[in-house]
Each structure stands twice: as C-alpha cells, then as structure tokens.
Amino acid sequence: MSKEIHRETTPESYFDSLYESDAELEKIERSIRERGMPEISVEPGYGRLLTLLVRATGARSLLEVGALGGYSGVCLARGLPPGEGRLTSLELKPEFAELASANLKEAGFGDRSEMLVGAAADSLARLEAEGRRFDFFFIDADKENYPVYLEFAIRLANPRAIVAADNTLLRGRTLDPNKQGPSVLAIREFNRSVARDPRLTSVHLPSYDGLLLAMVNEPNA
Ligand code: SAH
Ligand code: MG
C-alpha cells in the first residue's frame with residue numbers, strides 16, 4: 001500500500017521489509033552491537049543471495065575472508081546440503097573470530113566450520129601450500145588487499161568456482177572523484193580489472209554497498 005512507502009524507503013529496504021524477520025541473524029547482529037564491534041555485517045539481501053548461490057551451485061567447500069561476527073558465515077553455511085560441506089573463515093582479530101565461531105556453532109554449523117585466525121593473506125598462502133581447493137569464495141575483509149585475495153581465490157578455485165566480493169562501492173567513495181585514499185584506489189582498480197579479466201565471467205551488482213559476483217572460467221572457456 002502506498003501509504004506504507006515513505007520518502008526514506010529505498011529499493012533495498014522495501015524488499016528487505018517483505019521478508020520475515022530472521023531471529024538467528026538478528027541475534028548475531030545483537031551480539032556484535034553488544035561487544036561494540038563494527039556493525040558492518042553483509043546486508044540482508046546479499047546474505048540471502050549468498051545462501052541462494054551456494055545452494056544453487058551445489059558448492060561444498062566455502063571460504064570467507066573476513067568473518068566479523070559470523071553473519072555472512074551463517075548465510076553461506078545455510079546454503080550447504082544438510083550435514084555436508086564445510087565453511088573455512090579467515091579472520092584477523094582473535095576476539096572477532098571467537099564470536100564468529102560461537103555464532104556459527106549456535107546456528108548448528110560448529111562441526112562444519114573452521115576459523116583461521118590471523119592475516120588472511122598468510123592463511124591463504126598456507127591453504128594453497130596444503131593444496132586446498134574451494135567452490136565458493138566470499139571476500140569481505142580489508143579493501144586494499146582485495147586484488148591479493150582475488151588472485152588467491154583464482155588459484156584455489158575448483159572449476160566453475162564462484163567469487164563474491166562485498167562493498168565495491170565503499171559507501172559512495174568509489175564514485176567520488178575527491179576520494180583518493182588507499183582503499184578507494186584499490187577498490188577502483190579491483191572493480192576495473194575484474195571487469196576485464198578473461199579468467200572470469202562477472203557482474204557488478206550496484207544495490208546496497210555494491211557486490212561483485214564472478215565465476216572462475218574453466219580454462220579455454
Ligand atoms: N563478512 C562479515 C563482515 C566482515 S567485516 C559479515 O558479513 O558478516 C571485515 C572483517 O575483516 C573484520 O572482521 C576484520 O577484522 C577482518 N579483517 C580485516 N583485515 C583483515 C585481514 N588482513 N585478514 C583477515 N581479516 C581481516
Ligand atoms: Mg562487507
């Protein structure tokens with residue numbers, strides 16, 4: 001009804017309002033707020049998209065870079081088939097990793113998730129040395145290192161793996177020519193090079209804070 005739509009309504013908040021509230025995810029957001037951690041979990045619509053993509057692609061081995069409180073981790077793990085698959089989360093801060101682990105456990109994914117604490121580039125190098133491979137990547141940590149994380153993702157990718165990367169708009173800074181900080185420059189270069197990368201089939205989604213979606217092409221695709 002039109003009277004429910006007031007001026008502050010955005011397309012995102014309109015569609016979000018159609019969904020039932022999600023007690024499990026709200027609890028995670030509350031746990032983040034209570035600890036005074038940054039309230040920068042992935043936006044709800046993109047959380048739903050992560051669940052959908054994992055489920056639709058049949059991905060079994062999932063990797064996220066940047067765990068925070070476990071919101072995106074739960075969204076990713078929800079897409080796994082019952083009792084199968086595994087989520088590996090990389091998180092710099094031990095106290096964040098601890099909360100994310102606790103929240104994943106509470107959501108029923110304790111035995112199918114692992115948390116690697118430390119700088120993600122180090123963990124990725126270790127995973128590569130161990131010969132680990134993944135079907136799905138969610139990049140959502142320090143923006144300057146997005147290009148580094150993408151190269152790791154491509155090397156650690158199973159055929160037809162999906163790569164999603166959050167916050168490609170940096171709350172408008174990406175589009176603001178006056179902003180020239182290191183994160184902004186890195187994201188602009190990331191967005192541009194991904195769009196032209198022959199190894200990827202990709203699309204940039206402009207809703208919320210921007211999301212890159214890409215599939216790693218099979219060789220000769
Ligand atoms: N994906 C989470 C939000 C992540 S916020 C969600 O949507 O629920 C970004 C996270 O990246 C923070 O928790 C931050 O501590 C972590 N981070 C920042 N730099 C990092 C690094 N170099 N290696 C690993 N994690 C990092
Ligand atoms: Mg994010």
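Author: A molecule sits in a pocket if more than half of its atoms lie within 2 Å of the grid points of that pocket. In this predicted model, ligand 1 sits in the largest pocket.

Reader: What makes the pair formed by ligand 1 and V42 a polar contact?

Author: An oxygen atom of ligand 1 lies 2.7 Å from a polar backbone atom of V42, and because the limit for a pair of N or O atoms is 3.5 Å, this pair counts as a polar contact. The side chain of E91 has an N or O atom 2.6 Å from an oxygen atom of ligand 1, while a polar side-chain atom of D142 is 3.3 Å from a nitrogen atom of the ligand. Taken alone, ligand 1 exposes 580 Å², of which the protein buries 90%.

Reader: Which residues surrounding ligand 1 are the closest?

Author: Of the 20 residues that surround ligand 1, the closest are V42, G66, S72, E91 and D140; by class, the shell has 12 nonpolar, 4 polar and 4 charged residues.

Reader: Why is the pairing of D22 with R78 called a salt bridge?

Author: The closest N and O atoms of D22 and R78 are 2.8 Å apart, and the cut-off is 4 Å, so the pair qualifies as a salt bridge.

How values were computed: Residues are numbered from 1 along each chain as its sequence is written. Chains are lettered from A and ligands numbered from 1 in the order in which they are written. This is a predicted model: local features need pLDDT of at least 70, side-chain atom pairs count only at pLDDT 80 or more; totals for chains, interfaces and linings use all residues. Side-chain values use heavy atoms; hydrogens and water are left out. A residue is near a molecule or strand if one of its heavy atoms lies within 4 Å of it. A polar contact is a pair of N or O atoms within 3.5 Å; within protein, one must be able to donate a hydrogen and the other to accept it, and residues adjacent in sequence count only if both atoms are side-chain atoms. Accessible areas come from the Shrake-Rupley method with a 1.4 Å probe; for residues, only the protein chains shown count as cover. On a 1 Å grid over the protein atoms alone, a cavity is a set of points where a 1.4 Å probe fits but cannot get out, and a pocket is an open set with protein on both sides within 12 Å along at least five of seven lines; lining residues have an atom within 4 Å of a point. Ala, Val, Leu, Ile, Met, Phe, Trp, Tyr, Cys and Pro count as nonpolar, Asp, Glu, Lys and Arg as charged, and the others, Gly among them, as polar. A salt bridge is a side-chain nitrogen of Lys or Arg within 4 Å of a carboxyl oxygen of Asp or Glu.
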